[in-house]
Amino acid sequence: PQRIYYLSLEFYMGRTLQNTMVNLGLQNACDEAIYQLGLDLEELEEIEEDAGLGNGGLGRLAACFLDSMATLGLAAYGYGIRYEFGIFNQKIVDGWQVEEADDWLRYGNPWEKARPEYMLPVHFYGRVDHTSEGVKWIDTQVVLAMPYDTPVPGYKNNTVNTMRLWSAKAPNDFNLQEFNVGDYIEAVLDRNLAENISRVLYPNDNFFEGKELRLKQEYFVVAATLQDIIRRFKSSKFGCRDPVRTCFETFPDKVAIQLNDTHPALSIPELMRILVDVEKVDWDKAWEITKRTCAYTNHTVLPEALERWPVSMFEKLLPRHLEIIYALNQMHLDRVAALYPGDIDRLRRMSVIEEGDCKRINMAHLCVIGSHAVNGVARIHSDIVKNSVFKDFYELEPEKFQNKTNGITPRRWLLLCNPGLADVIAEKIGEGFITDLSQLKKLLDFINNETFIRDVAKVKQENKLKFAAYLEEQYKVKINPSSMFDVQVKRIHEYKRQLLNCLHAITLYNRIRSNPSKSFVPRTIMIGGKAAPGYHMAKMIIKLITSIGEVINNDPYVGDRLKVIFLENYRVSLAEKVIPAADLSQQISTAGTEASGTGNMKFMVNGALTIGTMDGANVEMAEEAGEENLFIFGMRVEDVEALDRQGYNAQEYYERLPELRQAIDQISSGFFSPRDPGCFRDVVNMLMYHDRFKVFADYEAYIKCQGQVDQLFMDPREWTKKVIRNIACSGKFSSDRTIMEYAQEIWGVEPSATKIPPPNLPRD
């Protein structure tokens, strides 16, 4: 069959034990067996470390995709890096984020199997020699790539795929060559330099940091993976390693490479290098093969996130790849010039090489010219990709551009994390929804069924009690389990507007203070997420959240009507606990900035209602469930664009809206930081004078919308009916549907629902 290779620098897997039991249909058996040994399975599960090899959405999407590809019976492989240290553990000290190394392999990893027999060399540096026999890349430094395989089981279909992660090893003669005669000890210690490649995950989400070590990581995973892909392609029969196929004509029919963002973009010049320099394929033929093999998924439109590598760095690290990129770019620009004669500006805009004080390689442009398909991750994002980010490329080749709205795996994000809800659903519609989430539509028949309404509400209350107990046990915070659990969990970023949430919390607090006898809908506002260590504003936002909590949570006038909790060290395993307990899901990015979002989908399927802007997949969620069943507020993309043309003036909102002014004045006067009154001047200054994400512009609509949330929450029956409607309409957001679309429309394969016979039965 055609093999699918999903290349990603991140796989945010979380824990594996419970997921494996669920997918193998062994959970009850294991539960019982462990119980008979006098142990508690849940206690055991809590011991496992998260595999935190990702930052957020992009890495978690890769993990969901692996689950869906296995469940759909695709011959798919995930390829990435086995980071020794994953995303840092977050500690909150005096209200500030402090990072701690995530030594997740300290006690070993039972799920991985080292495969030294498949170790491969990866080359760096060196120089290029143009000889009569072709091009040679010589005098390189070699690093070895050691593969570690982790099984990826499909859901009850006896399929087990592989995630192969590469670890860097120094060769035994590393730095012991003739020039290093004297210092044997130094030379052995220098092995660390090579092995640092797979040491640590870069902790940036939606931000490009042009560090040489990161470029090494990107080439390392690509070079090792492509050798593996070609070895497998050449072995005609399973288990046979003699190279049989030497003709590459059929390569794109047997191999599909999906690039998860531009991070593995070097696959394009690397495949060209192997085909042309090593396999001696004609250049034009090689280019056709490369384009038909590769496809690129874009994950963001934020300019600061786009990878633009200095040419000087390439020249040193990957000289042959630089030559190939120049040649590909020339070919591409010749084509553009022929179609648009005299349009010099278009050539400049479309070039892979950006001229300027520092020449740079635009990796997104490289991906677009080197792929047969380019996709965004939600309809609104794909439209922005076509109409603005890659507008010129879309005009050139409109057939290349597609949409593939993200999804989440219902195994982990419903069955595993919310068994109570999964049970009451299965009771009504059977278990088919687990592998065909669109069957949740059948729940629409039960929207007025009193038993079902009661059961759904009861499950939510149980989840809330359980999470409240967890919070008390782990963090010694007591919360009111009958309050509304208002949750915003995601990476801390200005565009995600945790600050808007803060302003609402302060406004609510001021209303309670100025009218303490009035009855308010009690709320527990929970905000969680990590800030990139070098992102000053994000760290200030965390400090602001904790400072607001400090004041509100200790004010006797407030009581348990309002609490603000910062959820420390938000990660996959914490998401599995908090999401099933949430009543309200906050998805409040400025319209046009969140490519898709996937947390939004997890909340929807787990019975929370959404307050959000018309951004990312929220648009499609509103379309599926009906806009009146979400709390949609604020500017649309068109409004944001209009405000940009007009010029956004925060001052104007500050002067016009007294509650907003009061909140900002409190932040800037030190009301929330009495020990350091000037603490938040950077935050206030940003909001007032250079807020790219227009927090104030949506404040009024947001506060008003939150009022509607309160109104509905006071009518539990109507609230739960909306919840049921949301769950019933969440079927589109299964990653199974997403992967089926990739398979049919990009990879050209058909998913199979056939169950492989179990290993104890003979095969046909």
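Which residue in β17 does Trp 309 stand opposite? Trp 309 stands opposite Ile 361, and the strands around this pair are described below.

This is a predicted model, in which local features need pLDDT of at least 70, side-chain atom pairs count only at pLDDT 80 or more, and totals for chains, interfaces and linings use all residues. Residues are numbered from 1 along each chain as its sequence is written, and side-chain values use heavy atoms, with hydrogens and water left out.

**The sheet**

Three strands form an open sheet in the order β15-β17-β16, with antiparallel pairing. Because β15 (308–310) and β16 (353–354) each have a single partner strand, they stand at the edges, and one side of each is left without a neighbour in the sheet. Three antiparallel bridges join β15 to β17 (residues 360–362); strands pair if DSSP finds at least two bridges between them. Strands (E, at least two residues) and helices (H or I, at least four) are DSSP runs, numbered from the N terminus.

**Two surface patches**

Asp 31, Glu 32, Asp 40 and Glu 43 form a negative surface patch, whereas Leu 176, Tyr 184, Ile 185, Val 188 and Leu 189 make a nonpolar one of about 470 Å². Patch residues have over 30% relative accessible area and no salt bridge, with like charges joined within 9 Å and nonpolar side chains (Val, Leu, Ile, Met, Phe, Trp, Tyr) within 5 Å. A salt bridge is a side-chain nitrogen of Lys or Arg within 4 Å of a carboxyl oxygen of Asp or Glu, and accessible areas come from the Shrake-Rupley method with a 1.4 Å probe, only the protein chains shown counting as cover for residues.

Definitions and conventions: Lys and Arg count as positive and Asp and Glu as negative; His and the chain ends are not counted. The place of a charge is taken as NZ of Lys, CZ of Arg, CG of Asp or CD of Glu.
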